[in-house]
Amino acid sequence: MDKKNGTEKPCLSHHQYACLIINTLVSISAFMIPSPTVYTSKQYGALSVLIGLVQVIVIGYLVVKLGLMYPDKTVIEYSQDILGKVAGKIVGLIFLLTFFSVNVLALRQFTLPFQAFVSVDIPYTVILIMTMILVVYVLAKGLKTLSICSELIINFLAIFFILLMILPMRNLDWINIKPLVPHDWGMTIKGSFLSASFLAEDIIGLMLIPYVKDKKKIMKSNQLAVLISGLCISGVTAVEILTMGYERVDSTIFSTFMLLREAQFSQTLERLESVAIAMWGGLVFIKLSLYMFILAEGFREWLGLKDNKKIGFILAPIIVICSMIPQNITQVVRFPNHVWVSYVYPIVLFALPILLLLISVIKKRGEKN
Amino acid sequence: MRKVLAIILVLATLLFSGCSMPIENYNLVLMFGIDKDEKTGGYEVTLQMPKMGSGGEQEGTSIGNETFTVFGVGKTLEQAVKDAYVKASGIPFLQHIQVVIIGEDVGKEGIAEMVDLFKRDPKYTLTPWLFTTKGRAEEILNAELEYDTLPSFSIVHTVTDVSKFNPKFYAIQFNKFLENIEVLPHGALMGRINLIKENGKNILEISGASIYKDGKLIGMLDDLDIIGYNWLRDRYKSVDVSFPYKDMHVNISIDSGRTRVRPVIRGNKLIYRIDVKASGSIEHISSYPDLENDTSLLNELNIVTGKKIKSYINVTVKKAQDQRIDYLGFEKVLEHTYPELWEQTKDDWDNIFPNIQVEIHTNISIKNTGWILDNPEIY
């Protein structure tokens, strides 16, 4: 491992680990979860996110339990220990492809608000390439640098959420969120799977646990990070429903941007979506960089190579090209809402970690006996 | 190497950031009028913009009270806006439109295109105040008005500040109008503005409201019809209730209060219960009652004030039921109170709404008699 770039195992404090998890879970979700969740759950959208949060706390528990059974290895390495070389390689590849698809989609989604709200003149390919150059630069600097950036961004995120709660105050209409107890639990629970599928991205813990110094505090940090992220997203969803009514939230792609587009503070401060753009830029950039690190490091381990930077240089153009595949905004939005919830969440984010945990527990008991 | 990189980054930040066009190249659009273009069957858009530096201040940097208008025509609304672009001295900047005025002809034909455009395209704002005018919007935007400020700011001042004292008009911002018109297929109200002449001077009169259903203007409410609506929807803060009482004329100023509308199922019948709880003070009595010793008088005034408010609401409810359009928001209240019942009734709401029984209960409390208790007679 290259120790110069600050990615030696372990290099993260449990606080930095929590910041990275919050950053990853909140970055895109805070802007993109409310609309599809509310589409399914109507006025119970915020409750759906909370039910999804419970699911993710269970997943988080399993993920950390599994990771702590092999505290010095990533899932790419220990899946081969658990399942054997061939099956382990396949499982490792499934995880890597999942992380790859997240990175590709996140990169493409990253460009959307810039094009819609900032400047329509800049071709999205320019934004894709410029962003990826910066991401590769961060990869070269290492995980430690990335975690410090994340710690910094989280402070702004806290301010952003406070603003998000305060700015639309004068537009709140409490009847929009009533009744508080759902009359149809079916649609509320159905909506929870969508938010859970986004929040279940905390399985990146399977790749990050070896880099955390104090392993005893990982469980607490992970669950706290998931809890904070889920509560934030539920809060944002509630404010959006209260402000716009569920019918308007579900018909809007970036409902959080819309919330700030409408927000007026006194009679002079308006069109505040630029605040959200700045936050989006910082958060998603950190997420992209973290996923690039996970991918580069994961493929290095999977291929048995020494240097992850070269892999990053190869991956970067591939990710940019793949992110150009969706023809339009509908395809960019539809993929996570359909494929992610129906296949990736139940199989990769839920079933695979449980399967690995079960087999490793059985194996370890067998070894003891 | 690091220093060189840092210098390059700082220079890049300075050189490559900022607006893509200098701010002087834009004209700030404050009022936006939409009419039907009779020649093409499309739209005629009128944009009112302030003359920069016309207030005697430093040229180009301040807004005076003088305005200029440009217009554009096109088959679609966006084409009409783009047509107006070439007539303005700069590029019309649409992100801070304060007031949108819709001509009667466009209102009747439907505002779906305008709603779609404003929502879809972020170059428009979602918070302008919306009004329908009897006649053409361009007449209002081109009228010479004697305000000491820009007409758009004057309108915004009226709807935000004066509305607290005067319940005879209704005004709504675009985003909240969307909530009403898109949420359920019932009606929604929009503000109403007209250009009138008084003593040879042009005056903008904001009064009553306009009624929209399925995105189309289908009628207007007069200033007296809208008072009950403002009471019903909790849109009062410092309004007056005046009425004759015995041989006096009484004016009560309502300081605070709350109206609660809730559906109640009694037997198999859906009834709407409206509770108004408000408190206020006596602002004027045209006689010399003994408020200090006649303790029953305040109680009687409470009851009479309540009856007056009840009559306002009754007029509004009856009008809506006669028109068979639920712009009162009854369906929304039902949806969020009894969602299962709403599921059963939503398709037939236009037939159910006119026959709904409404119960109005008022609880008024006059807490103050102003700065005097009894008024000594003036001889």
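Which residues of H7(A) are buried? Here are some notes on that and on a few neighbouring topics.

1. A word on the model first. It is predicted, so to speak of local features pLDDT of at least 70 is needed, side-chain atom pairs count only at pLDDT 80 or more, and totals for chains, interfaces and linings use all residues. Residues are numbered from 1 along each chain as its sequence is written, with chains lettered from A and ligands numbered from 1 in the order in which they are written.

2. To the opening question: A:Thr131, A:Met132, A:Val135, A:Val136, A:Val138 and A:Leu139 are the buried residues of H7(A) (buried: 20 or more other C-beta atoms within 10 Å of the residue's own; exposed: 12 or fewer; partly exposed: in between; C-beta atoms are placed from the backbone). They line one face of the helix, because seen down its axis they fall within an arc of 155°, taken from the directions from the helix axis to the C-beta atoms. On the face turned away from that buried side sit the exposed A:Val126, A:Met130, A:Ile133, A:Leu134 and A:Tyr137.

3. The cover over the buried residues of H7(A) includes helices H6 (85-118), H8 (143-166), H14 (273-303) and H15 (308-323) of chain A. Helices (H or I, at least four residues) and strands (E, at least two) are DSSP runs, numbered from the N terminus. Just after H7(A), A:Gly142 has a positive phi of about 105°.

4. Between the chains, 19 residues of chain A are in contact with 18 residues of chain B (contact: C-beta atoms, placed from the backbone, within 7 Å). On the chain A side, H6, H12 (246-250) and H13 (255-262) each give two or more residues.

5. Chain B is divided into domain 1 (21-221) and domain 2 (234-368), with bounds from an automatic or database domain assignment. Their centres, taken over C-alpha atoms, are 33 Å apart. The contact takes 12 residues from domain 1 and 11 residues from domain 2 of chain B. Strands S9 (188-198) and S11 (209-213) of chain B each supply at least two residues of the domain 1 side.

Note on methods: Two residues are in contact if their C-beta atoms, placed from the backbone, lie within 7 Å.
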